[in-house]
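Please examine the sequence and the structure below before reading on. The paragraphs that follow lead through the parts of the chain and the contact between them.

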Amino acid sequence: MTKWRKEVLKIIQKSDKPLNAEDIYRLVEHKPNFSTIYRALNYLEKAEFVKSISFGNTPKYYYSNNEHRHFLYCLKCGKIETFDLCMAQELENKVKKNFMFEIFDHIFYFKGLCKNCSERR
Ligand SMILES: [Zn+2]
Ligand SMILES: [Zn+2]
């Protein structure tokens with residue numbers, strides 16, 4: 001793996017929230033070209049070191065493939081919170097049976113208003 005790929009992966013793995021390319025660029029030392037970050041992210045996603053999610057029309061956010069995560073996305077301020085409680089097993093079993101579909105993964109998020117934004121309404 002190239003130096004940049006390693007560094008980008010390290011940043012994503014250390015973060016407790018998903019990061020977009022700009023967030024990562026801000027955290028990377030000895031700034032490379034912005035396109036270097038994109039290429040590293042593409043590689044890391046294809047090689048399944050990281051996963052990505054986007055929330056409606058947001059850029060892609062990347063997170064480590066080592067952890068199973070779900071997200072809360074605030075529609076007003078764009079804040080993203082994560083949680084790892086997963087209740088998909090029962091649903092997966094039903095889908096497997098009803099559709100004869102082999103499931104490898106799922107991506108799941110709630111959208112709504114965070115605590116701050118709902119208090120201010
Ligand atoms: Zn909010
Ligand atoms: Zn899950």
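Domain bounds come from an automatic or database domain assignment. For this protein chain, the assignment gives domain 1 (1-66) and domain 2 (68-121). The model is predicted: local features need pLDDT of at least 70, side-chain atom pairs count only at pLDDT 80 or more, and totals for chains, interfaces and linings use all residues. Residues are numbered from 1 along each chain as its sequence is written, and side-chain values use heavy atoms, leaving out hydrogens and water.

How do the two domains meet? The C-alpha centres of domain 1 and domain 2 are 21 Å apart. Their contact (heavy atoms within 4.5 Å) takes 14 residues from domain 1 and 9 residues from domain 2. Between the domains there is 1 salt bridge, a term for a side-chain nitrogen of Lys or Arg within 4 Å of a carboxyl oxygen of Asp or Glu. Lys 51 forms a salt bridge with Asp 105, with 3.0 Å between the closest N and O atoms. On the side of domain 1 that touches domain 2, strand S1 (50-53) and strand S2 (61-64) each give two or more residues; S1 provides the largest share, 3 residues. Strands (E, at least two residues) are DSSP runs, numbered from the N terminus.

A further feature is an open sheet of 3 strands, in the order S4-S3-S5 and with mixed pairing. Two strands pair if DSSP finds at least two bridges between them. Strand S4 (80-83) and strand S5 (109-112) are the edge strands, each pairing on one side only. Strand S3 (residues 70-74) pairs with S4 in the antiparallel sense over 4 bridges, and Phe 71 stands opposite Thr 82 in S4.

Technical notes: Chains lettered and ligands numbered in written order.
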